[in-house]
Amino acid sequence: MQISTDCWRAAKEGDEQDKAAWLEAKRAEEQAESEAWSEQYRMPPLEGTERAVAWGVRCRHQVLAAAYTALVLEGETDEREWEAIEEAARFVIRAGWWIDQRSSEPGDLAELLQAATEADRPTENPHF
């Protein structure tokens with residue numbers, strides 16, 4: 001039995017709509033989890049466009065969670081060393097920086113945070 005072109009298109013459009021709805025729900029769930037995590041761990045708000053900030057919050061959560069798992073839970077980093085990494089992460093508030101680091105290796109996080117530029121961190125007086 002052969003499916004007509006119209007039936008195939010209708011089925012494909014339905015699948016794409018289902019996929020888009022699923023993806024939107026998944027992103028909303030990830031966003032809510034990331035925002036709750038940011039609040040729980042006292043992470044400062046990120047700076048950037050509305051879209052970049054939302055994505056950056058998710059990326060920051062994913063990068064730090066992966067690093068914690070790899071370095072502390074599975075590695076040899078102790079909690080005190082992790083607290084220093086976490087504190088350094090609080091000073092990087094440019095959403096784009098976190099988006100750029102989303103594919104980085106967890107073991108590179110401390111070095112990446114040290115290499116973050118002044119543009120990625122706030123200054124005491126943002127007018128200078």
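Select Ala32 to begin; its place is in helix H1 (residues 5-40). Helices (H or I, at least four residues) and strands (E, at least two) are DSSP runs, numbered from the N terminus. This is a predicted model, in which local features need pLDDT of at least 70 and side-chain atom pairs count only at pLDDT 80 or more, while totals for chains, interfaces and linings use all residues. Residues are numbered from 1 along each chain as its sequence is written, and side-chain values use heavy atoms, with hydrogens and water left out.

Ala32 counts as partly exposed, at 45% relative accessibility. The terms are as follows: buried means under 20% relative accessible area, exposed over 50%, and partly exposed in between (1.4 Å probe, protein chains only). Ala32 and Arg58 are 26 residues apart along the chain, and their C-alpha atoms are separated by 9.0 Å.

**The whole chain**

Now display the entire protein chain as a cartoon. How many helices and strands does the protein chain have? There are five helices and zero strands, and the pattern along the sequence reads α-α-α-α-α. Of the 128 residues in the chain, 28% are buried. Contact means heavy atoms within 4.5 Å. Among the contacts in the chain with a separation of 6 or more, 63% are between residues 24 or more positions apart.

Select Thr69, which is placed in helix H2. Thr69 is partly exposed, with a relative accessible area of 31%. Not counting residues up to four places away in sequence, Thr69 touches Glu74 and Gly75. Pro106 is 37 residues from Thr69 in sequence, and the two are 8.6 Å apart in space, C-alpha to C-alpha.

Proceed to Thr77, in the loop between H2 and H3. Is Thr77 buried or exposed? At 18% relative accessibility, Thr77 counts as buried. Leaving out residues up to four places away in sequence, Thr77 touches Leu71, Val72 and Trp82.

**Helix H3**

At the start of H3, select Asp78 and Arg80. A side-chain oxygen of Asp78 reaches to within 3.1 Å of the backbone nitrogen of Arg80.

Then select the whole of H3. Which residues of H3 are buried? They are Trp82, Ile85, Glu86, Ala89 and Arg90. These residues cover an arc of only 145° around the axis, which puts them on the same side of H3; the arc is that of the directions from the helix axis to the C-beta atoms. The buried residues of H3 pack against H2, helix H4 (95-100) and helix H5 (109-115).

**Aromatic pairs**

A pair of aromatic rings is described by the distance of the centres and the angle of the planes. Rings of Phe, Tyr and Trp (its six-membered ring) pair if their centres lie within 6.5 Å; planes under 30 degrees apart count as stacked, over 60 as edge-to-face and the rest as tilted. The structure holds three aromatic pairs. Select Tyr68 and Trp82: their ring centres are 5.3 Å apart and their planes are at 75°, so this pair is edge-to-face. Tyr68 lies in helix H2 (residues 50-73) and Trp82 in helix H3 (residues 79-90), so the pair ties together parts that are 14 residues apart in sequence. Tyr68 counts as partly exposed at 25% relative accessibility, whereas Trp82 is buried, with a relative accessible area of 5%.

**The nonpolar core**

A nonpolar core is a set of buried Ala, Val, Leu, Ile, Met, Phe, Trp, Tyr and Cys residues joined through side-chain atoms within 4.5 Å. Select Leu64, Trp82, Trp98, Leu109 and Leu113, which touch the most other members of the largest such core, a set of 23 residues. H2, H3, H4 and H5 are the elements that give two or more residues to this core, and H2 provides the largest share, eight residues. Centre the view on Leu109. Apart from its neighbours within four places in sequence, Leu109 is in contact with Val63, Leu64, Ala67, Trp82, Ile85 and Trp98.

**The segment after H5**

Finish at Asp120, in the segment after H5. Asp120 counts as buried, at 5% relative accessibility. With neighbours within four places in sequence left aside, Asp120 is in contact with Phe91, Val92, Ile93, Arg94 and Trp97.

Note on methods: Polar contact = N/O pair within 3.5 Å; in protein donor to acceptor, adjacent residues only side chain to side chain.
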